[in-house]
Each structure stands twice: as structure tokens, then as C-alpha cells.
Amino acid sequence: MSATFIVALIAVCIVITALVFVITKKKKESDEVYYSEQIRRSEERQAQLAEQERQRRMMQRERASRS
């Protein structure tokens, strides 16, 4: 094997390693964005449900006080 072939092979290995690293990092970042958005939506949903429940109880109290 010639020295040029060995250097080219090493260069290809380095490029592949760098690509795998970059792709993995990008995937991790996109996963973090996705899951943080899911958590935010879940918290919003919980807040809405809590507000609906609070309003429902207030209406029940009003009805009970009218009776």
C-alpha cells in the first residue's frame, strides 16, 4: 500500500467521524427542542384544566348560594 492511499484512508475516517459527531449533536439538539415543547404544551394543558376546574367550582358555589 502506498503512503497516499493510507493518508486518504485516514482522511476519510476523520471525515466520517466528524460527520457522525455533527449528526449526533444535531439530533440531540432537535430532540431537546421537541421534548421541551412537549413539556411546555403539557404544562399549558394542565394549567387550562386547572382553570376550568376552578371555574366549574365557582359556578357550583354560585348555584349553591342561590338555592
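In what follows, a residue is called buried under 20% relative accessible area, exposed over 50%, and partly exposed in between, with a 1.4 Å probe and protein chains only. By that criterion, buried residues make up 0% of the 67 residues in this protein.

Colleagues, this is a predicted model: local features need pLDDT of at least 70, side-chain atom pairs count only at pLDDT 80 or more, and totals for chains, interfaces and linings use all residues. Residues are numbered from 1 along each chain as its sequence is written, and side-chain values use heavy atoms, with hydrogens and water left out.

I begin with the overall form. The secondary structure comes to one helix and zero strands; helices are DSSP runs of H or I with at least four residues, strands are runs of E with at least two, and both are numbered from the N terminus. Along the principal axes, the C-alpha atoms fill a box of roughly 100 × 10 × 5 Å. The radius of gyration is 29 Å, whereas a compact globule of 67 residues would have one near 11 Å; the radius is taken over C-alpha atoms, and the globule rule is 2.2 Å times the number of residues to the power 0.38. Within the chain, Val 33 and Phe 5 are 28 residues apart, and their C-alpha atoms are separated by 42 Å.

Next, the surface. The accessible surface comes to about 6,400 Å², of which 64% belongs to carbon and sulfur atoms; such areas come from the Shrake-Rupley method with a 1.4 Å probe. Met 1, Phe 5, Ile 6, Leu 9, Ile 10 and Ile 14 form a nonpolar surface patch with about 660 Å² of accessible area together. Patch members have over 30% relative accessible area and no salt bridge, and nonpolar side chains are joined within 5 Å; a salt bridge is a side-chain nitrogen of Lys or Arg within 4 Å of a carboxyl oxygen of Asp or Glu. Leu 9 lies in helix α1, residues 3-66, and counts as partly exposed because its relative accessibility is 45%.

Helix α1 also holds Val 33, which is exposed at 57% relative accessible area.

How many aromatic pairs does the structure hold? There is one aromatic pair. The ring centres of Tyr 34 and Tyr 35 lie 5.1 Å apart with planes at 75 degrees, so the pair is edge-to-face; pairing requires centres within 6.5 Å, and planes over 60 degrees apart count as edge-to-face.

Finally, Glu 51 lies in helix α1 and is partly exposed at 32%. The side chain of Glu 51 makes a polar contact with that of Arg 54, at 2.6 Å; a polar contact is a pair of N or O atoms within 3.5 Å, where, within protein, one must be able to donate a hydrogen and the other to accept it.

Conventions: Patches are made of residues with over 30% relative accessible area and no salt bridge: like charges are joined within 9 Å, nonpolar side chains (Val, Leu, Ile, Met, Phe, Trp, Tyr) within 5 Å. Rings of Phe, Tyr and Trp (its six-membered ring) pair if their centres lie within 6.5 Å; planes under 30 degrees apart count as stacked, over 60 as edge-to-face and the rest as tilted.
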